[in-house]
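Hi everyone, thanks for making time. Today I'd like to walk you through a structure that may be new to you, so please have a look at it first.

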Amino acid sequence: MKKPSKPHTDFKSLLGLGTQSTRKTYYAELEANLVDLETERNRYKSLFDHARHGIFQADLDGKVINVNPAMAQMCGFNSVISFQKNYESLQKHLFVSTNEYKRFIKELESSEKLDNFETSFCSMSGTELLVSISATLKHEPQHLIECFVKDITKLKEAEHQLRIAATAFESQEGMIITDQNKVILRVNKAFSRVTGYSAEEAIGQTPALLQSGQHTKRFYDQMNESLSTKKYWQGEIWNKRKSGEIYPEYLTITAVESEDGKVINYVGAFTDITNIKESEAQIHQYAYFDTLTGLPNRQSLMDSLSKILKRAGRTSKQGALLFLDLDNFKSVNDTHGHSTGDLLLKKVANRLKGAIRETDIVARLGGDEFIIILEDMGQNEKAVILNVKEVIDNITSVLKQSVILDQFEYHASCSIGVTPFKGGESTEEVMQRGDMAMYQAKWSGKNTCRFYDPEILVPQFHMAELELELRNALPKSQFILFYQPQFNTEQLTGAEVLLRWQHPERGLISPVEFIPIAEETGLIVPIGWWIIESACQQLIEWSKSESTSNLQLAVNVSARQFSQINFVEQTISILEQTKIDPNLLKLELTESVLLSDVNEIVTKMNKLRKFGIRFSLDDFGTGYSSLSNLKKLPIEQLKIDQSFVRDITTDPDDAEIVQTIIAMAYNLGLDVIAEGVETIDQREFLELSNCLNFQGYLFGKPLPIEIFTEQLLLS
C-alpha cells in the first residue's frame with residue numbers, strides 16, 4: 001500500500017491563496033490517499049469477513065462491538081446480526097464461566113497480549129466449545145479487545161483419542177505394528193513381557209522371530225491369504241519366547257489401509273493363553289480321566305469304544321472288550337480302610353497298563369471295575385480267542401504278584417468277562433455283553449475268565465431278582481436258623497448256628513446262593529446282627545433247663561461285620577440286654593478277617609474276650625493265616641476245614657495236614673474241632689491224632705431248632 005504523503009502545512013494554499021497548480025496537485029494526492037485507504041479498508045474487511053477462524057472486538061466492559069461470520073458460525077448462528085443480538089456480552093453470554101472471563105481479562109491487562117488462551121465458549125445450542133484465543137488489548141483510538149478464536153474441540157477430542165490409543169497400546173495385550181513388508185516398527189511393553197524380546201531387539205525384525213516350528217507352511221499360507229482377502233486374521237497360534245519356551249497365544253492381526261486402499265501397516269494384538277490352556281487341559285483331565293488312577297474314565301471309554309467299533313466295521317478286523325472286577329476288593333476297603341483300597345486300585349491300574357499293548361486302552365469304569373479294549377485282534381473268531389487269552393494270561397500273571405499295601409501283603413485276582421466285537425454294534429450293547437460275561441466269571445468262583453454267552457442272561461436275571469428279594473427278606477422275617485450239633489468224645493457240647501432263607505415261593509434257598517450276594521451288597525451286616533440276637537435268645541431258652549444250660553452256640557461272623565467300628569460295643573450291648581452267660585457264645589471268624597489290620601483285630605477280640613466271649617478260627621488252612629498272626633489272636637479253638645477231613649483216611653497228604661494242624665494247635669495251647677466228619681473211620685483217625693471235638697453228618701445234620709431239640713435234647 002502506498003504510504004500517504006505528508007499533509008500540506010501551507011494554509012495559504014488551502015485557503016486558495018496558492019496557485020491553481022498547487023491546489024490541483026494537493027487534491028490529486030488527497031484523492032489518491034483516500035482511494036488507498038478505502039482499498040485497505042476493503043481488504044481488511046474481506047479478511048475479517050472471510051477469515052477461517054473467529055474474530056471479534058469488544059470493549060473493556062465485555063460488550064461485543066464487532067464479530068466476523070466465522071465467529072458467528074462457530075457459535076451456531078447463521079449471521080453476524082443474530083450473534084450480536086444474542087451474545088452482546090462476553091461475560092454474560094460467550095464465556096461459559098464467569099471465573100474464566102475474569103481470568104482472561106486479568107491476564108490480558110497484565111500483558112496486553114495473549115497467545116493460545118484455552119477456555120470454553122457457549123454455543124447457541126448450549127453445548128460447550130473448546131477454543132484457543134489470541135487476544136490484544138489496544139488503547140487507541142479507543143480501548144478495545146481484539147481476539148482471534150480457534151475452535152479446538154475436535155483437536156482436543158483427537159488428542160484425547162490419541163491418549164486413549166496410547167494407553168490401549170500399552171495395555172496388558174501384546175501389541176506389534178509392522179510396515180507393509182511386515183517389518184516390525186513398534187512393540188509395546190506387554191510384547192516384551194510376554195516374548196522376552198525388548199523393543200530394541202524386535203524393531204527391524206519380522207514376526208518370524210517368534211515362530212515356534214509347531215505349524216506347517218500351509219498354516220501360515222492360510223493366515224496370509226486371510227490378511228490379503230479379508231484384511232484380518234485371528235486364532236490360536238504357538239509362538240516361541242526368547243528363552244526358547246514355546247507357548248500358546250490368541251492372536252488378532254488387522255491390515256491398515258491408506259485412502260487409496262493400499263496396505264500400509266499391520267497391527268497385531270495377542271494374549272498369552274498358557275493359563276487358559278492349562279485350565280482347559282485340567283478340565284479335560286477331570287472330564288475324561290479318573291482322578292485316582294489317571295486312567296480314562298467312563299466318558300472317555302465310551303467315546304473311544306464308539307470310534308473303535310466304527311473302524312472295526314470298516315476294516316473287518318475284530319476286537320474284544322474285557323470287563324474286569326477285582327475279587328474281594330470290598331473286604332480290603334472294609335478291613336483296611338478306603339485309603340488302602342485306593343492304593344490297591346492305583347497299583348492294579350499300573351499293572352494293567354503294563355500288561356497290554358500301547359495301542360490298547362485300559363479305563364476305570366468306577367469302583368473296582370476296569371475295562372480293556374483290544375483292537376485288531378484278528379479277522380476270525382479263533383484268532384481273536386487265542387490272542388485274547390494271551391492278553392488275559394499277561395493280566396493274571398501281573399496281578400497275582402504280591403502287592404504291598406501299608407506293610408500288608410495282598411495277592412490280587414479278578415473276574416474277567418470277555419466279549420468279542422466285529423463292528424456295527426452299539427457301545428451299550430458291547431458294554432452290556434462284557435458286564436454279563438464278568439458276572440458269569442464271578443458266579444463261576446471268581447479269579448476266572450468267561451467269554452460272553454447269551455445263556456448267561458438267565459442266571460443274571462435270576463441273581464438280580466434274588467438280590468432285590470434278599471433286601472426284603474429280613475424285614476419280612478424270612479430267615480430261619482438251623483443248628484448243627486457239636487460233640488466231644490463223650491457228649492453234646494453245643495451247636496453251630498447256620499442261616500437259611502425260607503422264601504415264600506422259591507422254598508428253602510441254600511446259603512451258597514444268597515450269602516455271596518449279602519456279602520457283596522453289605523446286607524450281611526444287619527443279617528449278622530439278627531443271627532447274634534437270635535442265638536442269644538436261644539441260649540436264654542436253654543438256660544431254663546438244667547440239661548441244656550451249659551450248651552454253647554457258635555455263630556459265624558463275616559469279615560465285613562467284624563470290621564464295623566461299633567462291633568464290640570453293639571455285641572456287648574446285646575449280651576447285656578439278654579443277660580446270657582458270655583462263655584456260652586462262641587464267635588467263629590474266618591481267615592479273611594486277618595486281611596485287615598491284625599493289631600486292630602486283636603484289640604477288638606481282647607475287649608470281647610475280657611467280657612467272656614470265646615473265639616474259634618473257622619476253615620483253618622484254607623486262607624492266608626501266618627503263624628506270627630495266629631500267635632497274636634486270643635482264640636481258643638481251631639476248626640479244621642472239611643476239605644481236609646474228607647479224605648484223611650485215603651489221602652496221605654490230607655492226613656498229614658490234619659495231624660500237623662492238631663499238633664500245632666496243642667503246641668499253641670488251643671483246642672481243635674474238625675468239621676465235615678461223616679464216617680466212623682474219620683472219627684477214629686481224628687481221635688488217634690488227638691482231635692477230640694467233632695461236627696458233621698456222623699453226629700447230625702443242620703436242623704431247625706424244634707427238630708434239633710426233639711432228636712438231640714429230648715432223646
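Let's begin with Thr 419: leaving out residues up to four places away in sequence, Thr 419 touches Ala 320, Leu 321, Val 430, Arg 433, Gly 434 and Tyr 452, where contact means heavy atoms within 4.5 Å. Before I go on, a word on the source: this is a predicted model, in which local features need pLDDT of at least 70 and side-chain atom pairs count only at pLDDT 80 or more, while totals for chains, interfaces and linings use all residues. Residues are numbered from 1 along each chain as its sequence is written, and side-chain values use heavy atoms, with hydrogens and water left out.

Back to our threonine. Thr 419 sits in strand S16; helices (H or I, at least four residues) and strands (E, at least two) are DSSP runs, numbered from the N terminus. Is Thr 419 buried or exposed? Thr 419 is buried, with a relative accessible area of 0%; buried means under 20%, exposed over 50%, and partly exposed in between, using a 1.4 Å probe and protein chains only. Its side chain also makes a polar contact with the side chain of Arg 433, at 2.8 Å. By polar contact I mean a pair of N or O atoms within 3.5 Å; within protein, one must be able to donate a hydrogen and the other to accept it, and residues adjacent in sequence count only if both atoms are side-chain atoms.

At the N-terminal end, Asn 297 caps H12, with a side-chain oxygen 3.2 Å from the backbone nitrogen of Gln 299. After H12 comes Ser 316, whose phi is positive, near 65 degrees.

Now to another part of the model. What is the volume of the second largest pocket? The answer is about 430 Å³. For the method: on a 1 Å grid over the protein atoms alone, a pocket is an open set of points where a 1.4 Å probe fits, with protein on both sides within 12 Å along at least five of seven lines, and lining residues have an atom within 4 Å of a point. Grid points are joined across faces, edges and corners, and the volume is the space filled by probe spheres set on the points.

This second largest pocket is lined by 22 residues, and the closest to its centre are Pro 207, Ala 208, Met 223, Leu 251 and Ile 253. Helix H10 and strands S6, S8, S9 and S10 each give two or more residues to the lining.

Let's pick out Ile 253, which lies in strand S9. At 11% relative accessibility, Ile 253 counts as buried. Ile 253 and Ser 226 are 27 residues apart in sequence and 9.9 Å apart in space, C-alpha to C-alpha.

One last stop is Thr 548, in the loop between helix H19 and strand S21. Thr 548 counts as buried at 6% relative accessibility, and its side chain reaches the backbone oxygen of Trp 542 at 2.7 Å.

Finally, the whole protein: it has 27 helices and 27 strands, and of its 715 residues, 43% count as buried.
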